[in-house]
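Let us walk through this protein one piece at a time. Keep the model open as you read.

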Amino acid sequence: MRTLSLELRPLGYSPEEEAPLVHAVYRASPGYFTLIGMELPTLEDVLQDLNTLAQDARRRAFLLFQGPEPLGYLDYKLHYPEEGDATLSLLLIREDRQGQGLGRRALAHLVEGLGGMERLYAVVYGNNPRAQRFFLAQGFRYVKDGGPAIQWYMRPL
Ligand code: ACO
């Protein structure tokens, strides 16, 4: 079977056009927001976030595509918390596409594009055992708690 290639399309260039696509991915992933005790962001919230993204030179966000429909979202920050670090704040695969290897492939793409960085952190919010298992399976190790429901994982690059 042919594996369709996964495309990471950068966000922050045209927030008005991008916001509905990001919002569609969020709407297809309600379980994640329930898990972290947050209401599903509104389209307005997403638009506001994309506007702030365009003003933060270190932050990068992408929509994941395999064909015309966006199937995931990825958000990280360069040189954070220290120079040479990158920190992933969210990798989200829409619920009906989870468990098909897409998260693993998206992470591999991200790592390929992080030349020059020394460490990749992943910040896991809430009680999210699936994400914890996922990052451990992808070569990360647990580093520390960053608060009552925040765990930091790290993988050398
Ligand atoms: N139990 C045990 N291991 C698992 C599980 C599970 N439920 N799910 C994934 N894994 C491991 C397996 O080792 C799997 O290896 P395999 O490819 O050999 O089967 C590997 O992870 C990769 O699995 P994928 O199918 O690539 O995982 P998926 O595409 O579902 O992506 C993710 C994982 C990103 C956690 C996805 O399920 C998701 O979007 N969940 C909801 C949002 C979320 O919680 N994101 C993480 C937030 S924290 C952060 O982003 C820093």
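The model is a predicted one. Its pLDDT averages 95, and 98% of the residues score at least 70. Among the elements, strand β4 (residues 85-93) has the highest mean pLDDT, at 98. Strand β6 (residues 141-147) has the lowest, at 94.

Now step back into α5 itself, residues 129-137. Its buried residues are A131, Q132 and F135. Viewed down the helix axis, they fall within an arc of 105°, so they line one face of α5. An α-helix has 3.6 residues a turn, so residues three or four places apart point the same way. R133 and A137 lie on the other side of α5 and are exposed. The cover over the buried residues of α5 includes β4, β5 and β7.

Follow Q132 across to its partner. Its side chain makes a polar contact of 2.8 Å with the side chain of Q151. Q151 belongs to strand β7 (residues 150-156). Is Q151 buried or exposed? Its relative accessible area is 11%, so Q151 counts as buried; the cut-off for buried is under 20%. Beyond its sequence neighbours within four places, Q151 also contacts A122, V123, V124 and G126, among others.

The largest core has 25 residues. L64, L74, Y76, L88, L110, L114 and L120 touch the most other members. At least two residues of this core come from each of β2, β3, β4, α4, β5 and α5. A second, separate core holds 17 residues, including A19, L53, L90 and L92.

Take L74 as an example. Leaving aside neighbours within four places in sequence, its contacts include L8, R60, A61, F62 and L64. L88, L90, L91, A106 and L110 also contact L74.

Finish at helix α1, residues 15-27. Does its length agree or disagree with what its residues should span? At 1.5 Å a residue, its 13 residues should span 18 Å, and the end C-alpha atoms are 18 Å apart, which agrees. P15, E18, A19, V22, H23, V25 and Y26 are the buried residues of α1. They cover an arc of only 155° around the axis, which puts them on the same side of α1. They pack against β1, α2, α3, β2, β3 and β4.

Key
Residues numbered from 1 in each chain as written. Predicted model: local features only at pLDDT ≥ 70, side-chain atom pairs only at ≥ 80, totals over all residues. Heavy atoms only, no water. pLDDT = per-residue confidence, 0-100. Helix = DSSP H or I, 4+ residues; strand = E, 2+ residues; numbered from the N terminus. Buried < 20%, exposed > 50% of the residue type's maximum accessible area, 1.4 Å probe, protein only. Polar contact = N/O pair within 3.5 Å; in protein donor to acceptor, adjacent residues only side chain to side chain. Contact = heavy atoms within 4.5 Å. Expected span 1.5 Å × (residues − 1). Arc of directions from axis to C-beta. Core = buried A, V, L, I, M, F, W, Y, C linked by side-chain atoms within 4.5 Å.
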